[in-house]
Amino acid sequence: MNLDKQKLLLGLFESRKYFCDDLGGVYSRSNNHGGLGGVRRIRPHTSRNGYDLVTLIGVPGHRITVGVHQLVALFFSRGYSPKDQVNHLDGDKLNNSWGNLEIVSASTNAKHSFEIGLQCQKGENNGASKLTLEEVAAIKAAHARGATQRAIAKKFGISFQNVHLIVRGKSWV
């Protein structure tokens with residue numbers, strides 16, 4: 001989150017117009033909320049990439065859409081470096097409780113996502129992959145039927161070394 005957006009949001013918190021609870025709820029405080037004592041929980045919507053978002057109104061008429069996890073972290077930490085990111089410890093993008101969030105570097109956040117299995121660069125998910133799971137199965141089946149590794153490699157447009165690694169279980173396990 002950039003510094004200008006952070007300053008704007010911190011200003012909204014300081015004005016006591018908005019606040020968060022430690023379970024990840026975001027609330028607005030206004031005289032327009034009827035019998036609820038002037039407090040209303042803002043219902044988030046889920047973005048295409050799976051994060052809860054809320055839209056706040058800053059300076060009159062200026063809307064700000066921000067991730068709930070970012071708001072909760074900002075509210076409880078009172079600011080963090082714009083270079084840092086908010087990580088969900090359990091990997092659940094919808095669990096925005098303060099106890100499930102930590103402020104980390106982009107590198108640490110990326111490492112964590114691989115460690116807990118949110119991102120995987122194996123098999124077809126690897127951008128450099130030339131084969132699909134079905135093709136790997138076909139390679140193994142062709143080898144089991146007696147086809148040479150060189151013939152298989154030629155048919156699939158890969159090196160015979162790659163075929164060797166596949167049939168020996170060293171690659172595409």
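Val136 sits in helix α4 (helices are DSSP runs of H or I with at least four residues, strands are E runs with at least two, both numbered from the N terminus). The model is predicted, so local features need pLDDT of at least 70 and side-chain atom pairs count only at pLDDT 80 or more, while totals for chains, interfaces and linings use all residues. Residues are numbered from 1 along each chain as its sequence is written, and side-chain values use heavy atoms, with hydrogens and water left out.

With a relative accessible area of 4%, Val136 is buried (under 20% relative accessible area; exposed is over 50% and partly exposed in between, with a 1.4 Å probe and protein chains only). Leaving aside residues up to four places away in sequence, Val136 touches Leu131, Ile166 and Trp172, contact meaning heavy atoms within 4.5 Å.

Helix α4 (residues 133-144) meets helix α6 (residues 160-167), their axes coming within 10 Å and crossing at roughly 85°. Axes here are lines fitted to C-alpha atoms, for helices over the stretch in contact, with angles from 0 to 180 degrees between N-to-C directions. The two helices, α4 and α6, are therefore roughly perpendicular, the label for 65 to 115 degrees. On the α4 side the contact uses Val136, Ile139, Lys140 and His143, and on the α6 side Val163, Ile166 and Val167.

As for the rings, the whole structure holds four aromatic pairs (Phe, Tyr and Trp rings, the six-membered one for Trp, with centres within 6.5 Å; planes under 30 degrees apart are stacked, over 60 edge-to-face and the rest tilted). One of them, Phe13 with Phe75, is edge-to-face, at 4.9 Å centre to centre and 80° between the planes. Phe13 belongs to α1 and Phe75 to α2, so this pair ties together parts 62 residues apart in sequence. Phe13 is buried at 5% relative accessible area, and Phe75 also counts as buried, at 16%. Phe76 and Trp98 are stacked, because their ring centres are 5.5 Å apart and their planes at 20°. Ring pairs link Phe13, Phe75, Phe76 and Trp98 into a cluster.

Key: Parallel < 35°, antiparallel > 145°, perpendicular 65-115°, else oblique.
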